[in-house]
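Here's a quick briefing to read with the structure open. Have a look around first, then come back for the notes.

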Amino acid sequence: MTKSKADEEDYWNSSKFKAFTFDDEDDELIRLKESRQAVNSIQRLVEEDDDEDDVEKVSWSGEPVGSISWSVKETAASNQRTDREPAFPKIPTDTPSLSKSQSGYSLSSLFKGKTKGGNFQSFTDTLSDSSIRLYAPELRKPKSEYKDYVSDWSPEETIQRLQQGKTAPLEKFRSLQDKLLLLDFAVSAHDGNVITAVLIYLKRTLSKEVLFRELESRQTALRHFIHYLTETKDQRLLLELLRALGRTEDVALLQYKEHLSIADENKRRDFLKSCLSLPFSAEDSAHVQDHYTLLERQIIIEATDRQAERGGKVEIFQKFPRRASILNMPLITTLYYCCFYHYSEPEGTYSSPLNIRQAFKISEKQYFVTALAARAKLKAWLDVDALFTSRNWLGFTRKKSPLSFQRVVDVLQKNSAPTQVLQDYVGLVEDPDMRISLAQKHKCHDIVINTYRDMKDRQQLLGYRGKVGRGSAEERKIDELLNNQQIRWKN
């Protein structure tokens with residue numbers, strides 16, 4: 001659509017664009033005017049901010065330092081000046097500024113080396129002019145100072161960064177040689193966390209064959225790797241590693257530990273039976289055999305006792321109900337259980353304490369302590385006395401114990417043994433002072449009196465006379481001893 005002449009004139013007068021005319025100034029003149037206007041506008045901004053004396057700065061790359069102004073470093077001819085200054089020199093208020101007509105430089109002439117009159121001057125002449133100060137951007141820092149950002153570290157530097165808790169990606173190390181260098185530097189640093197981090201990376205990026213082969217010659221790293229696999233419960237890879245290293249006993253023990261995850265006692269028994277053929281050492285093989293035999297025996301005893309307890313015909317289960325199942329209990333707990341509930345059973349039965357002692361080669365002292373605790377708990381004092389009674393080849397009986405009688409007295413006292421029972425065993429304590437101390441503690445007066453008599457200590461006996469009840473049998477016994485002329489007292 002063709003516009004009218006009036007509309008065209010109105011468009012050019014109201015628009016920011018001007019119509020082309022031949023009366024325009026040449027391009028050079030226009031650029032000169034624009035340069036002068038830019039310099040004058042900068043001068044006014046500097047003068048306005050001069051009162052506050054606070055010119056904010058940014059780096060040459062445009063990153064803000066303190067404000068929206070530019071901050072550059074002055075590059076003087078002597079290369080000695082290091083102080084920061086504003087992007088353009090401030091024009092002091094006490095110095096008369098150059099007028100537009102006197103100024104011979106503009107922004108374009110500053111960078112092009114051209115004066116107002118149009119004459120070009122060389123860049124060297126511009127630098128030598130004392131009235132002109134040029135500002136260059138800050139030079140980039142050396143590459144070594146940017147290592148925290150460019151991540152081009154060597155294996156040794158990477159390990160040092162990991163030790164310092166800094167991020168250090170390991171994926172850049174792709175060759176086997178670099179990966180092994182990482183591992184060797186980590187081991188040399190003696191830092192378990194760093195060693196584990198490198199091992200996790202190697203586990204992810206190396207084949208199992210290569211990894212196992214290299215770890216075999218690095219025992220420290222190998223121990224860390226085995227511990228890591230154990231903690232993370234990677235049983236499959238751990239078994240493969242141990243087999244590759246030829247550690248058959250460790251493989252057997254690792255497979256044996258899997259029984260802990262089997263809840264059903266019959267399945268656990270069958271699993272333990274399958275473990276008997278594994279290549280254990282002689283000592284470990286005996287332990288696994290005992291474990292299987294014990295669990296098999298416990299299953300039989302548990303089934304029999306559960307049935308007897310439900311039937312209600314066995315007195316001991318009525319007076320002392322079972323508190324827990326015997327399944328998967330240790331050997332000594334099983335022996336204590338059988339001494340408590342099956343003490344008088346014949347040796348041929350599975351639940352007989354003597355049968356258990358013989359089957360598992362329990363020592364005399366261990367059996368004695370366990371049986372003593374179980375029978376004292378039941379207050380079966382005749383059974384307790386029978387434990388200590390032994391006969392010599394002449395047929396004489398005497399009390400003998402693999403324990404010290406002091407410990408026997410402690411066990412009996414904890415199970416509330418009566419004074420008469422305690423007195424029999426306190427009198428068997430060999431040390432006189434210890435015997436007197438225990439006798440006084442448990443009020444075994446006859447033991448104290450007889451011991452002072454055997455020691456022929458009249459003064460101690462007189463002193464103890466005041467501790468017994470007046471008119472008691474103990475007081476009368478002391479008086480008889482004091483009046484006995486046949487005793488030769490030492491004091």
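Which residues form a nonpolar patch on the surface? They are Trp393, Leu394 and Phe396, and together they have about 460 Å² of accessible area. Keep in mind that this is a predicted model. The rest is sorted by topic below.

**The surface patch**
- Leu394, one of the patch residues, sits in the loop that runs between β3 (389–391) and β4 (397–399).
- Leu394 counts as exposed because its relative accessibility is 52%, and the cut-off for that label is over 50%.

**The nonpolar cores**
- The largest nonpolar core has 52 residues, and the ones touching the most other members are Phe388, Leu412, Tyr425 and Leu461.
- Leaving out residues up to four places away in sequence, Tyr425 touches Val384, Asp385, Phe388, Lys399, Phe405, Val408, Val409 and Leu412.
- Apart from that core lies another one, made of 30 residues, including Leu170, Leu202, Val210 and Leu211.

**Positive phi outside glycine**
- Lys361 is not a glycine, yet its phi is positive, at about 55 degrees.
- You'll find Lys361 in the loop between α17 (353–359) and α18 (364–377), and with 72% relative accessibility it counts as exposed.
- Ser416 also isn't a glycine, and its phi is positive too, near 60 degrees.
- Look for Ser416 in the loop between α20 (405–414) and α21 (419–426); its relative accessible area is 52%, so Ser416 is exposed.

Notes. Residues are numbered from 1 along each chain as its sequence is written. This is a predicted model: local features need pLDDT of at least 70, side-chain atom pairs count only at pLDDT 80 or more; totals for chains, interfaces and linings use all residues. Side-chain values use heavy atoms; hydrogens and water are left out. A nonpolar core is a set of buried Ala, Val, Leu, Ile, Met, Phe, Trp, Tyr and Cys residues joined through side-chain atoms within 4.5 Å. Buried means under 20% relative accessible area, exposed over 50%, partly exposed in between (1.4 Å probe, protein chains only). Contact means heavy atoms within 4.5 Å. Patches are made of residues with over 30% relative accessible area and no salt bridge: like charges are joined within 9 Å, nonpolar side chains (Val, Leu, Ile, Met, Phe, Trp, Tyr) within 5 Å. Accessible areas come from the Shrake-Rupley method with a 1.4 Å probe; for residues, only the protein chains shown count as cover. A salt bridge is a side-chain nitrogen of Lys or Arg within 4 Å of a carboxyl oxygen of Asp or Glu. Helices (H or I, at least four residues) and strands (E, at least two) are DSSP runs, numbered from the N terminus.
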